[in-house]
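The model is predicted.

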Amino acid sequence: MSSSKGDIQYGDQNVTEDHVALIPPDVGSRRVSSSSTFLYLVVAVSLLAPISMGYTIGYSSPALPDMKAAHVLQDETWFGVRSLLNIGAIFGGPLAGILLGKYGRKVTVMMCAVPYVIGWALIASIESQGGLFVGRVLTGLAAGMTSLSCPVYIAEMASPDNRGFLGSSFQLCVTLGILMVYSLGLPLSYVWLAIVAAGLAFLLVVFMLPMPDTPAYWLIKKQRQRALAVLQEVRGSGVDVDIECREIESTLDNSDNSISWREFLEPHLFRPLGISLSLMFFQQFSGINTVMFYTVDIFKSTHSSIDPHVSTIIVGAVQVAATAVSVLLMDRLGRKVLLIVAGVMMAISSTSFGAYYYIINEVNNGTNTTAAPIIPSSPSMTLAVADSSGADLSWLGLSSMVVYIIGFSLGLGPIPWLLMSEIFPSKARGIASAIATAFNWMCSFIITKEFLALEGAFTQQGVFWMYAGVCVVEVLFVLFLVPETKGKSLEEIEDHFRKRE
């Protein structure tokens, strides 16, 4: 080992002092994490799936007015507000969990395209509400499959030093898909928007076909040479991948690769599952859907000359930019820091959101704080934006929204999906991720469908203050119970939970 500062000879490779800290002392000749250009190509191709997922999530916003104008949709509540999408996605996660183990990670990502294409074809071609509903459920099924299979595929391909960067790119591409459909919604009808979406899914299959499956999957299937070949491709020709391969094998050798439900009561599985489910709960019950619902109304309340539909594009661009910052910081600051910062920002902005609606409701209704709910389906609703002294408060609603979206995009947007793909052991990754994914979409469905009931029970401001309370609990939960996974291999993370047991 060389004694020169900053550059150390480790085995037959030059590494930095920072990298040495990541090398476990019980591994005598472990190679330093490395990545080839091919790894970034593989991940980039797989990210076509979350782009399709984001496109699906955002589709109803520009499509609903066009559908109503064409008289093909009478009940927009189930098609929009993500209701039918959530129902399909609840089943998509478990389906993908089964397919991961049976057909592999790569094939499961490709199979997401099947319900995407069929669903979008129904939406584009059948001019009836029933056809639109079936198509929406199928695209939701595909979104649920995507939200499980793609993070797992990326996590098993990435090396410890860039898994945060690559894994959080999943959420970045979801926001890119949302921004894409918002932007295309200005010039295109709902039919052409669906055709573009089907084309995206088709491209996923075409480009994913020559990509490899993950080393972990090939080792589960007892095909070590294929696993070594994939590792060599994604790590680079100059890297000795045998040690990494043996590390993956060692975790698989601890079991027969089968799993029973009883094992989820054991701490090494129960703890990571509890962490993942909790973060999924915080992601949805922190109020992201509500904030997105209020976007157009908040922009209207500012009396801005910006078209309300253009305002959704602006919000989408803010999401993309903030998520991109999160991607760049993920492997520098770590997961815990970003989750805590995000929770604090969202708690503060939710509190100020509540204050904003409390003041305008007081002005509109005197002491009556149970004003009619403001949702996208009531565009004629107008908001008073001045307090009793006549001061304009539109800046408070707008700034609260922007700070909230930035906070969500930094932490609670990308990190729950990233941690889901990191903290489960190999043999349980499929089924545990399926449980977490289904739970996430179920929470999304509940908070969406019961939004009006919550608003009626707690008032508009009360709902936002409830969200602020959820964010405070999230900060405390992360601070004390969530382990930092930055710079650790999947095998080291699994070993962490086993040692705690």
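## Salt bridges

The structure contains 9 salt bridges. One of them pairs E422 with R163, with the closest N and O atoms 2.8 Å apart. Because E422 lies in helix 21 and R163 in helix 10 (residues 163-184), this pair ties together parts that are 259 residues apart in sequence.

E422 also meets R335 in a salt bridge, at 2.6 Å from N to O. This second pair links distant parts of the chain as well: E422 is in helix 21 and R335 in helix 19 (residues 335-365), 87 residues apart. The side chain of R335 forms a further salt bridge with D331 (3.3 Å, N to O).

## Network and burial

Through shared partners, salt bridges join R163, D331, R335 and E422 into one network.

E422 has 0% relative accessibility and so counts as buried. R163, with a relative accessible area of 1%, is buried, and R335 is buried at 0%.

## Packing of helix 9 on helix 21

Helix 21 (residues 415-423) also packs against helix 9 (residues 129-157): the axes come within 9 Å and cross at roughly 60°. That angle makes helix 9 oblique to helix 21. The crossing of helix 9 past helix 21 is right-handed.

On the helix 9 side, the contact is made by S147, L148, P151, V152 and A155. Helix 21 contributes W417, M420 and S421. By class, the contact has 6 nonpolar residues, 2 polar residues and no charged residues.

Terms used:
Residues are numbered from 1 along each chain as its sequence is written. This is a predicted model: local features need pLDDT of at least 70, side-chain atom pairs count only at pLDDT 80 or more; totals for chains, interfaces and linings use all residues. Side-chain values use heavy atoms; hydrogens and water are left out. Axes are lines fitted to C-alpha atoms, for helices over the stretch in contact, and angles run from 0 to 180 degrees between N-to-C directions. Helices (H or I, at least four residues) and strands (E, at least two) are DSSP runs, numbered from the N terminus. Angles under 35 degrees count as roughly parallel, over 145 as roughly antiparallel, 65 to 115 as roughly perpendicular and the rest as oblique. A crossing is left-handed if the near helix is turned anticlockwise from the far one by less than a right angle, and right-handed if clockwise. Contact means heavy atoms within 4.5 Å. Ala, Val, Leu, Ile, Met, Phe, Trp, Tyr, Cys and Pro count as nonpolar, Asp, Glu, Lys and Arg as charged, and the others, Gly among them, as polar. A salt bridge is a side-chain nitrogen of Lys or Arg within 4 Å of a carboxyl oxygen of Asp or Glu. Buried means under 20% relative accessible area, exposed over 50%, partly exposed in between (1.4 Å probe, protein chains only).
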